[in-house]
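I opened my notebook and the viewer side by side today. These are my notes on what I looked up, in the order I went.

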Amino acid sequence: HEGAIPVLSETSTHKPVALLGWSLPAMEAMDSIKRDFVVVAPEAFRTYAKEHDLKYVSWDFERRNDHSIELASSLKEFGVSVAVPLYEETVSWAGAVNASLWDNPRLFNQSLLFRDKAMMKRKAQIAGLRVGVFQEAENHADVRKFLRRVNEALLKLEGEHPDPVHLKAFSAAGCVGHHVIRSDEDIDEVPMSSFPCLLESHLDGQEFSCEVFVHGGKIRFLNITEYIHLGHSNFVPASDRLEEMRPRIKEACEDLIRAFDVKYGMMHPEWFVTSDGKLNFGEVAARVPGGHIFELIERAYGFSPFAAQVICSDPNTTEEELAAFFPQESEHKGYAGCLMVYPRGKVASKLEVPSELTDDAYFEKHDLFVPATPKVAERVGFGNHYGTVFFHGEDPRRMEELFWKWEEFDFYS
């Protein structure tokens, strides 16, 4: 951080926090709660940070974590008390920095649980959570063997459609590196660069996520996000069919908190609920969720989840501050949802947004755009949609109908 001068806010009652990753909404949230912060982001953001008088440390998160002491030392010069991860690749860095700031080496090992899906599943299983069958794979032969053994255990007969298995990257966010495997042909299409990886059996049921804000090892706010079509549509809070399960879902999240020994911060677990009401653990992250979920929470509940993540990450936050910040989980204003739009063809040179959509009472806004390059980029996970349509209304079922209707519409030609 060449030329950086550490300066503490004279009015702040808390020490500065480090935001690991570049996020304007997170910075705006810090301003809204009058919290001093330092941005840790790649060198490309230096000019912007300087022009806007932001306290800034240039950092390459692709580096090995054995440089974490160097980063922690830089942040100590600013008086930073805690590092908050905003993106997947910053989670282990935050763990390493906080291990140094708090003199607690275990925090780094804990952060690795959120980055390594195999370690994550194993820890959850040891703690007694319901998980699918899983194992690591080193090559295509391991995948073939796993697919065969899973279907043998399910008593599949020759000629029946096999149950799929899932191949996932150990440390990628969301669905990046995710392959659904149903046949030998699917296995052949997996590039060698995907190995080593995690294999797991398919989990049936409705998938949903929780955004769990934790302080002192206790849940201070629990949001439930209902997925309608994973990677395409979701809304906040969940409808009655999930909300009526809130006590059971909260209990499962508390089990997860104990299993991972989480004291402070935010967790983003994903669960599957079966038709008979059983909960299966999918995976968990310790960073800002995708799917515009933070934006939807703010629309429905009126508080900034970015600010909540920081407040809960700081051990010095008081009980009075927590009580004043969070609303009751039942105190939401309607339902906020979004539809993530992907071009259906290989070329996107023209955008059409029908008046039937924009005139609908549930429509709020969209940020769909015509890309500079007409050729549609290859999809990687669910991270490169071409914009989002936002909805808000009082009936979640009506919102779900809108999602299915407009997901079928091709906005691009």
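**Ground rules**

I'm working on a predicted model, where local features need pLDDT of at least 70 and side-chain atom pairs count only at pLDDT 80 or more, while totals for chains, interfaces and linings use all residues. Residues are numbered from 1 along each chain as its sequence is written, and side-chain values use heavy atoms, with hydrogens and water left out.

**Entry 1: strand E16**

I started with E16, which covers residues 388-393. Helices (H or I, at least four residues) and strands (E, at least two) are DSSP runs, numbered from the N terminus. Is E16 mostly covered or mostly open? It is mostly covered, as six of its six residues are buried.

I then checked the two faces of E16. Thr-388, Phe-390 and His-392 are buried on one side, and Val-389, Phe-391 and Gly-393 are buried on the other.

Next I looked for partners (two strands pair if DSSP finds at least two bridges between them). E14, residues 335-340, pairs with E16 in the antiparallel sense over six bridges, and Ala-336 stands opposite His-392. E15, residues 363-366, also pairs with E16 in the antiparallel sense, over three bridges. There I found His-366 bridged to Val-389.

**Entry 2: Leu-296**

I clicked on Leu-296, which lies in helix H11 (residues 293-301). Leu-296 counts as buried because its relative accessibility is 2%. Leu-296 and Phe-391 are 95 residues apart in sequence, and their C-alpha atoms are 9.3 Å apart in space.

I listed the contacts of Leu-296 too (contact means heavy atoms within 4.5 Å). Leaving aside neighbours within four places in sequence, they include Ala-336, Gly-337, Cys-338 and Phe-390.

**Entry 3: nonpolar cores**

A nonpolar core here is a set of buried Ala, Val, Leu, Ile, Met, Phe, Trp, Tyr and Cys residues joined through side-chain atoms within 4.5 Å. Which residues have the most contacts inside the largest one? They are Leu-19, Phe-213, Phe-303 and Phe-326, in a core of 42 residues. Apart from that core lies another, of 36 residues, with Met-245, Leu-256, Phe-260 and Val-284 among them.

I went back to Phe-326 for its contacts. Leaving aside neighbours within four places in sequence, Phe-326 touches Phe-213, Arg-220, Phe-221, Phe-303, Ala-308 and Cys-312.

**Entry 4: the second largest pocket**

On a 1 Å grid over the protein atoms alone, a pocket is an open set of points with protein on both sides within 12 Å along at least five of seven lines, where a 1.4 Å probe fits, and lining residues have an atom within 4 Å of a point. I noted a volume of about 450 Å³ for the second largest pocket. Its lining has 24 residues, and Asn-98, Trp-102, Leu-107, Gln-110 and Tyr-264 lie nearest the centre.

Which helix or strand gives the most to this lining? H5 does, with five residues. By type, the lining divides into 13 nonpolar, eight polar and three charged residues.

I stayed on H5 for a moment. Its buried residues include Leu-107, Gln-110 and Phe-114. The buried residues of H5 pack against H4, H6 (117-126), H10, E12 and E13 (279-285).

Most residues other than glycine have a negative phi, and most peptide bonds are trans. I went looking for exceptions.

- The bond from Phe-195 to Pro-196 is cis, with omega near -5 degrees, and Pro-196 sits in the loop between H8 (184-188) and E8 (197-201).
- The bond from Val-236 to Pro-237 is cis as well, with omega near -15 degrees, and Pro-237 is in the loop between E11 (233-236) and H9 (240-243).
- Asp-103 is not a glycine, yet has a positive phi of about 55 degrees. Asp-103 counts as exposed because its relative accessibility is 69%.
- Asp-261 has a positive phi of about 55 degrees too. With 38% relative accessibility, Asp-261 counts as partly exposed.

Notes: Buried means under 20% relative accessible area, exposed over 50%, partly exposed in between (1.4 Å probe, protein chains only). Grid points are joined across faces, edges and corners, and a volume is the space filled by probe spheres set on the points. Ala, Val, Leu, Ile, Met, Phe, Trp, Tyr, Cys and Pro count as nonpolar, Asp, Glu, Lys and Arg as charged, and the others, Gly among them, as polar.
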